Amino acid sequence: MAPVLEVSGLNTVFHTRRGLVRAVQDVSFSVEAGETLAIVGESGCGKTITALSLMRLIPQPPGEIVSGSVKVDGTDLLRLDDRTMRQMRGGKIAMIFQEPMTALNPLMTVGKQIAEMVMLHDGLPKAAAKNRAVEMLQMVRIPEPARRAKEYPHQMSGGMRQRAMIAMALACKPKVLVADEPTTALDVTIQAQILDLIGDLQREFGTAVLLITHDLGVVAETAQRVVVMYAGRKVEEGSVSDLFARPLHPYLRGLLGSIPRLGSARGLALSPDERLREIPGMVPALSDLPPGCAFAPRCAQADAKCHAQIPPFEAKQANHFAACWQA
Amino acid sequence: MSDIGYYARRYPLGVAGAIIMTLFVLAAIFAGVVAPLDPFTTNAKASLAGPSGVYWMGADMMGRDVLSRLIHGARVSLAVALGATMIGSGVGAAVGLACGYVGGWFDLLVQRVTEIMQALPLLVMALVITASLGPSLRNTIIAIAIPLIPTVARVIRSNVLSLRELPFVEAARATGMSEWRVAIVHVLPNTLAPLIVLATAQLGSTILTEASLSFLGLGVPEPYPSWGRMLSESAAEYVRTAPWLVIYPGLAISLIVFGSNLMGDALRDALDPRQRD
Amino acid sequence: MLAYLIRRLLLMVVTLLGVSIAIFLLLRIVPGNIADILLDSAGMIDPAEKAKIVTDLGLDLPLPVQYWHWLSGLFHGDLGYSYVSEKPVIEEILPRIPITARLAGLALTFAICAGVPLGVISAVRQNTKLDYFLRILSLSGLSMPAFWLGLLILMACVKWFGSIPIYDRAPATFGAWLAMLAIPAASVGFRSSALIMRLTRSSMLEVLRQDFVRTAKSKGLSDTAVTYDHALRNAVLPVITTIGVETAFLFGGLIVTETVFNIPGVARFLVEAIRWRDYPMVQNLVMFIAIVVVTVNLIVDLLYMVVDPRIRLGA
């Protein structure tokens with residue numbers, strides 16, 4: 001089956017006062033219909049910039065997509081004129097944002113915000129678009145959808161707003177859904193509901209989902225495949241089971257090590273091994289990357305080669321890729 | 001000192017404003033040296049003389065040199081602006097600090113008084129105060145300073161209220177420092193940035209208010225040459241016959257206010273990051 | 001909502017009472033009483049005459065009683081008599097109100113119609129040459145005294161048309177009104193439009209940075225739809241609140257502009273009353289101005305509540 005979303009060789013830079021910042025370097029991945037691919041990494045690793053690059057929503061200037069291609073159903077978004085790109089946005093590729101509090105227009109009813117999009121892409125008349133908005137709200141399991149459609153965002157809870165956001169994103173049945181930290185701002189109980197909802201709707205519509213998150217727990221629950229990013233580059237890619245069972249890159253091992261496990265926190269005195277391991281050091285500034293592997297300064301296994309040369313991204317096992325000299 | 005180059009590049013308009021203001025300040029300080037002629041000497045023969053080699057910007061009805069009067073007028077304008085802004089900001093800051101600290105009935109009372117004062121336009125209040133005190137340089141300064149107080153007090157009050165909750169202030173209090181010492185040592189210095197921004201922003205409007213008062217004949221009286229009054233003396237009848245009497249004083253007012261506005265904007269950008277575009 | 005309205009109205013009454021006390025006292029801390037001033041200016045020093053004036057004007061009564069007389073008069077529409085014209089104050093003030101109201105309305109309309117769109121353009125084209133030009137234009141608008149701009153316009157009229165558009169008698173038709181007031185309104189409204197433009201620009205820039213604008217773009221809306229359907233409404237809200245402040249601001253400009261263009265409105269009348277030391281007139285005019293400012297502020301706040309669903313429907 002041909003992938004619905006195919007990103008290859010994506011490079012996004014920012015022209016800043018302190019020089020050129022390479023926020024996304026040579027990132028490639030693909031997602032099939034009905035599949036969920038997660039992009040994982042700490043904040044500042046370039047995952048959100050990747051998502052915004054796909055939507056072509058990078059503020060320009062200072063940002064610029066230098067090279068690469070983003071194909072949705074075979075159409076390269078980066079080569080489209082603005083007008084055609086607008087038809088793709090929302091129509092073929094839609095996005096959910098992290099902050100449901102601020103991502104909706106406070107002065108427009110939720111129903112209208114959904115209807116506006118349906119009118120634009122599906123050419124429905126106003127009344128039909130309003131009906132579709134109510135249907136969509138029902139689909140995301142908002143009780144009393146007809147009444148809620150007439151409400152403003154501030155009248156809804158955070159979880160309900162995120163549902164409305166999902167309803168809006170899926171209203172035109174896009175091929176690809178980009179979800180940028182969709183549950184980060186929500187309570188834990190609501191998080192699970194929202195993730196389930198995205199999963200159910202994905203199955204129903206056959207949407208390809210690109211999930212951007214820093215939460216490995218969310219990844220384990222929802223994604224089939226994972227891309228790990230560090231300092232703007234891919235450092236590891238593979239199926240969820242492979243990556244969790246046999247992490248190759250020391251960075252991913254560090255990330256997995258820093259998740260507290262139930263049981264280990266019992267008792268006050270922890271043995272040094274049991275103590276929550278954290279990765280020493282800080283994410284390097286993208287404007288000032290080391291010459292070799294960007295993770296080398298924080299890596300316990302790094303040797304001279306790691307500090308000197310950037311490791312190639314290559315298959316280390318079947319369908320399991322990593323960029324590391326030591327793996 | 002290498003900072004100057006940095007600021008010049010970062011805030012070119014602000015630096016331009018500072019240069020304009022500096023020129024006016026220098027003109028005011030050295031008015032006696034810079035002015036080509038005596039601003040008070042009348043000369044019946046030169047009455048309404050147009051711009052010439054002797055009277056660069058022409059002469060007024062009484063034959064006094066317009067340029068020299070403008071240069072000396074900078075003294076009045078700046079004295080009123082600085083005096084009023086300093087009094088207004090000083091009293092306003094003290095009142096605002098007291099409101100934030102004493103709270104309770106005092107705060108309520110001040111807020112009511114603030115509302116009362118804000119029900120009247122600045123110029124109206126200044127007019128009524130001069131009407132009550134009588135026109136003089138000192139009274140003009142007072143009349144313009146009083147309406148500034150509530151605005152400053154309001155900003156400083158809200159600033160103090162939020163500062164009081166900050167960890168470093170809590171910490172100072174926890175070490176057993178007295179409330180007043182905390183206020184003077186920790187809170188006051190931190191209100192300085194917004195106070196400077198506000199004061200600079202008000203400089204322009206104080207100059208304009210002085211000019212308006214003088215234009216209406218209720219500002220700084222003779223013999224001080226005031227830009228606003230130069231315009232009122234010349235007003236409608238000279239529009240036809242002696243345009244230089246209208247153009248130059250207005251240009252001086254506009255330029256100095258423009259300079260202070262440029263400077264105020266840049267200061268706000270530099271010191272108050274919340275309001276940055 | 002109703003409770004809020006009642007609270008606001010009560011506070012408004014308190015504020016206005018405060019203004020009345022303040023202005024009453026302010027006009028009486030003048031050394032010597034009004035009779036002295038009147039007699040001085042008239043050049044009469046007859047003690048009997050003076051005593052009669054003092055009694056006539058009630059100046060021999062204790063201050064609280066004088067204040068009470070004025071205040072109770074205010075509620076009956078009896079504002080006392082002008083010292084100068086000896087006509088009832090109300091007869092002097094009332095006919096001047098429509099003139100100033102028209103001028104102010106025209107100036108405000110001009111200020112909003114020019115200020116809001118230019119502010120939006122300036123924000124959307126941030127850091128372009130057009131933006132710099134508009135910013136410098138608005139800053140010069142804030143720097144020019146309104147009376148000077150008026151005088152410059154008069155000069156231009158003399159140069160190009162050979163005549164000065166000075167108010168001589170009340171125009172008969174609406175069109176004539178408009179023609180008569182357009183130039184003064186532009187000269188007083190320029191400063192307000194500059195202010196509105198600056199506020200709109202910074203508010204618009206703030207809104208354009210917000211998340212929901214990105215959401216709107218991600219929906220595939222055109223830049224125009226994002227700017228006008230989504231961003232503008234949000235950006236205009238804070239500008240509305242400042243229109244209240246703006247009225248107070250505008251009044252200062254009206255005072256000098258009416259003087260320059262010789263328009264017999266309320267604003268110029270205040271200056272005349274102060275020059276003539278006609279204190280009953282000053283006192284009542286100031287009250288009138290305060291009532292207008294406070295009422296406009298109330299209307300603006302109510303308008304804001306209607307426009308912003310977060311306040312209308314509770315957050």
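In the predicted model, Asn11 of chain A has Ser67(A) as its bridge partner in E4(A). Strands (E, at least two residues) and helices (H or I, at least four residues) are DSSP runs numbered from the N terminus, and two strands are taken to pair if DSSP finds at least two bridges between them. Residues are numbered from 1 along each chain as its sequence is written, while chains are lettered from A and ligands numbered from 1 in the order in which they are written. Because the model is predicted, local features need pLDDT of at least 70 and side-chain atom pairs count only at pLDDT 80 or more, whereas totals for chains, interfaces and linings use all residues.

Strand E1 (residues 5-16) of chain A also pairs with strand E2 (residues 19-31) of chain A, in the antiparallel sense and over nine bridges. A hairpin of two residues links E1(A) to E2(A). Within this pairing, Phe14(A) is bridged to Val21(A) of E2(A), and Leu10(A) to Val27(A) of E2(A). The strands form part of an open, antiparallel sheet of four strands in chain A, with the order E2-E1-E4-E5. Its edge strands, each pairing on one side only, are E2 and strand E5 (75-76) of chain A. In a regular strand, side chains alternate between the two faces of the sheet.

Elsewhere in chain A, Ser239(A) is found in strand E10 (residues 233-239) of chain A. Ser239(A) counts as partly exposed because it has 14 C-beta neighbours inside 10 Å; with C-beta atoms placed from the backbone, a residue is buried if 20 or more others lie within 10 Å of its own, exposed if 12 or fewer, and partly exposed in between. The C-alpha atoms of Ser239(A) and Gln224(A) are separated by 5.9 Å, although the two are 15 residues apart along the chain. Beyond four places in sequence, Ser239(A) is in contact with Gln224(A), Arg225(A) and Asn319(A), where contact requires C-beta atoms, placed from the backbone, to lie within 7 Å.

Chain C touches both other chains described here. Its contact with chain A takes 19 residues from chain C and 23 residues from chain A. On the side of chain C, two or more residues come from each of helix H10 (211-218), helix H11 (223-260) and helix H14 (309-312) of chain C. H10(C) gives the largest share, seven residues. The contact between chains B and C takes 37 residues from chain B and 41 residues from chain C. Among the elements giving two or more residues to the side of chain B are helix H5 (104-118) and helix H12 (244-271) of chain B.

Chain A averages a pLDDT of 82, with 93% of the residues scoring at least 70. Over residues 261-276 of chain A, pLDDT stays under 50, and the model has five contacts beyond four places in sequence for this stretch. For chain B the mean pLDDT is 83, and 95% of its residues reach 70 or more.

Note on methods:
Contact = placed C-beta atoms within 7 Å. pLDDT = per-residue confidence, 0-100.
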